[in-house]
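This briefing goes through one protein model, topic by topic. Keep the sequence and the 3D view at hand while reading.

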Amino acid sequence: MVRKQFSSIFKIIPAWFSRSAKPEPTEELVNAPPGVLNSLGERLVKLSVPQPYETTIQDALAQALQDWQANPDFENNSLVVLGRPVEDIGPILKASLHEKFPDCEVHFFLGGYQRPPDPLTVPQHLKRELEPNTDTPSDIATPVTQTDIDKHVPTIMVVSSLEQCFLRCIQGWEGIEYLQTLSTQDSSRFWIFGCNHWTWSFLERVCQISAYFEQAIALPKLSGPELKVWLMPLLETNLETQATGPMVKVTAANDSYWNTLASVTDGIASTAAQVWLKSLRIRADAVTDEGAIANKTDLIELIPTKPVLPGLMSLDPLDRYLLHSLLIHREMTRSHLALSLGEAERNIRSRLQVLRREGIIRQRGRRFSVHPAYYPRLYSELGNNNFLIGNA
């Protein structure tokens, strides 16, 4: 009798577990049509600079200026702001300094500067841009008394991109040596330089740049909550994909999502933005069999899924050298790439096409750059193959 009861119980248990463990039905999600993500991507580039970036630069500059003004003949008169090769530091510097230092005269130089076809002419370009006109009296004078100090308006010279001021080739970094000499010989002005970590490591190796530019700060890694705050303008409003099309809304994600995003992208804003964009999906019933938005849809909900880095194809040796040069200089023309690598242009043309087709590099006009979403994997790939890489 007891045996029969146990037998009945054992027959019931599997069915009970089967019912209790049955997963909840989940909605089928598919990739969003490119037009929807393109519209969102256009708004990404218009986002304001992350606040932690601005705060880091402003705090460091305020302290550096205070020290320099107190003792201009002995204190270092420059500050280098270091970022990753996939971050454009120029706009970050401009946003961080705009109207934030009203007691200073801030001048921005070489904004959008593109290295000339002959990189050996860079020093002459820099000289024309940066040296004051000797035909007119200079209004820059080193204060010598307390009254002078009180009346003196500090001049800040901002050079946004050291990457464009040289080329990795024989005699290619004379532009950097010119900047070193100019800034250190003129203690009446304060200098701010934007640079990426890979460039800094290379220039440290070839011309000991830190001996001249002693103060360097790095843009911070953004946390999950900081990424959420930065992207919030795209999360709080409905976005119109086109004049007559449906509205788009991004569904809220939990804290775990944002922490994962920060972790996989190493807290790099430009990388996180692209990985976030690629993680967004749409409900299958909102898309037709042809991949277009269904006519009945008035509001498209984009639903965040687990953020992951894109996979990296197997790279051959030339690919690695090519990508290494791109990351040092942030963006380059094909002719400058060939000169930097010591290769004929025809030898690198096919590899550029392959890397562009894979999405690893992007092309804007004649200039190539690394796609931000691939940076973390390339950092590991090139580091593991003994390339000189930056600290971040």
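Does Glu87 count as buried or exposed? Glu87 counts as buried, because its relative accessibility is 4% and the cut-off for buried is under 20%. The model is predicted.

**Salt bridges**

- The structure contains 11 salt bridges.
- One of them joins Glu87 to Arg84, with 3.5 Å between the closest N and O atoms.
- Arg84 is also buried, at 1% relative accessibility.
- Another salt bridge pairs Arg283 with Glu301, and here the closest N and O atoms are 2.8 Å apart.
- Because Arg283 belongs to strand 9 and Glu301 to strand 10, this pair ties together parts that are 18 residues apart in sequence.
- Arg283 counts as partly exposed at 22% relative accessibility, and Glu301 counts as partly exposed at 30%.
- A further salt bridge brings together the side chains of Arg351 and Asp319, at 2.8 Å from N to O.
- This pair links distant parts of the chain, since Arg351 sits in helix 14 (residues 345-357) and Asp319 in helix 12, 32 residues apart.
- Arg351 and Asp319 are both buried.
- In general, side chains of opposite charge can pair when their charged atoms come close.

**Strand pairing**

- Strand 8 (residues 247-250) and strand 10 (residues 299-304) run parallel and are joined by four bridges.
- In this pairing, Lys249 stands opposite Glu301 of strand 10.
- Strand 9 (residues 280-283) runs antiparallel to strand 10, and three bridges join the two.
- Leu280 stands opposite Pro304 of strand 10.

**Nonpolar cores**

- The largest nonpolar core consists of 56 residues, and those with the most contacts inside it are Leu130, Leu179, Ile360 and Ile361.
- Another core, of 55 residues, lies apart from it and includes Leu44, Leu234, Ala253 and Ile282.
- Beyond its neighbours within four places in sequence, Leu130 is in contact with Phe109, Met157, Val159, Tyr178, Leu179, Leu182, Arg189 and Trp191.
- In soluble globular proteins, nonpolar side chains tend to be buried together.

**Helix 3**

- Helix 3 (residues 51-70) has 20 residues.
- From first C-alpha to last, helix 3 reaches 29 Å, close to the 28 Å expected at 1.5 Å a residue.
- Its buried residues are Tyr53, Glu54, Ile57, Gln58, Ala60, Leu61, Ala64, Leu65 and Trp68.
- The elements covering these buried residues include strand 2 (78-83), helix 4 (89-97), strand 4 (155-159), strand 5 (189-196), strand 6 (216-218) and helix 11 (269-278).

**Ser325**

- Ser325 is located in helix 12 (residues 317-329).
- With a relative accessible area of 0%, Ser325 is buried, because buried means under 20%.
- Its side chain makes a polar contact with the side chain of Ser340, at 3.2 Å.
- Not counting residues up to four places away in sequence, Ser325 touches Arg168, Met332, Leu337, Ser340 and Leu341.

Definitions and conventions: Residues numbered from 1 in each chain as written. Predicted model: local features only at pLDDT ≥ 70, side-chain atom pairs only at ≥ 80, totals over all residues. Heavy atoms only, no water. Buried < 20%, exposed > 50% of the residue type's maximum accessible area, 1.4 Å probe, protein only. Polar contact = N/O pair within 3.5 Å; in protein donor to acceptor, adjacent residues only side chain to side chain. Contact = heavy atoms within 4.5 Å. Core = buried A, V, L, I, M, F, W, Y, C linked by side-chain atoms within 4.5 Å. Expected span 1.5 Å × (residues − 1). Pairing = 2+ DSSP bridges. Salt bridge = Lys/Arg side-chain N within 4 Å of Asp/Glu carboxyl O.
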